[in-house]
Amino acid sequence: MRPKSNSISGSCLCGEVEFLFSLPIKWCANCHCTRCQRSHGAGFVTWVGINKNQFFLKKGNTLLNWVSSSKKSKYGFCSKCGSSILFKSTKWEGEIHITLANLHPPHNLKPQAHAYFDTHVEWLNFNDGLKRIDDPNK
Ligand SMILES: [Zn+2]
Ligand SMILES: [Zn+2]
């Protein structure tokens, strides 16, 4: 059987947490919020937003752990290798967010916008023409 071309798989660094989701995605964006910066140790994090019922955890259910970043939001990470790969929030009920960098190529997903751009780091350039959206709660 041919692999399903309408789905994308991904995993954490060690490969013990593996997942699959079906297309289409809802959106893909770079998040510049300070919570993403600090939890990933990175200037920004590129997320893919999908409807949560399109998500399927293939393996690693006992290793996938969740840490709260606020009252509403949680990051999902592999407790073996520490990769932070998922996000869910009551702010985006019905969605699950997945880090683009943890998806297995080939796929043609790429960010369409910069979110929470008001807290972007000063040490990177973002002259890519993508739409810039600030924190809507400020
Ligand atoms: Zn892992
Ligand atoms: Zn963020």
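In what order do the elements of the protein chain run from the N terminus on? Color by secondary structure and trace along: β-β-β-α-β-β-β-β-β-β-β-β. That makes one helix and eleven strands. Keep in mind while you click around that this is a predicted model.

**Stop 1: the whole chain.** Zoom out and show just the C-alpha atoms. Along the principal axes, they fill a box of roughly 45 × 30 × 30 Å. How does the radius of gyration fit in? A compact globule of 138 residues would come in near 14 Å, and the protein chain has 15 Å, so the two agree.

Stop 2: Now color by burial, if your viewer can do that. Buried residues account for 25% of the 138 in the protein chain.

**Stop 3: a three-stranded sheet.** Select β1, β2 and β5. Together they form an open sheet in the order β1-β2-β5, with antiparallel pairing. Residues 7-11 give you β1 and residues 55-59 give you β5; these are the edge strands, each pairing on one side only.

**Stop 4: the β2 and β5 pairing.** Hide the rest and keep β5 with β2, which covers residues 18-22. Four bridges join these two antiparallel strands. Which residue in β5 is the bridge partner of F19? Pick L57, and you have found the partner.

Key: Residues numbered from 1 in each chain as written. Chains lettered and ligands numbered in written order. Predicted model: local features only at pLDDT ≥ 70, side-chain atom pairs only at ≥ 80, totals over all residues. Rg over C-alpha atoms; globule rule 2.2 N^0.38 Å. Buried ≥ 20, exposed ≤ 12 C-beta atoms within 10 Å, placed from the backbone. Pairing = 2+ DSSP bridges.
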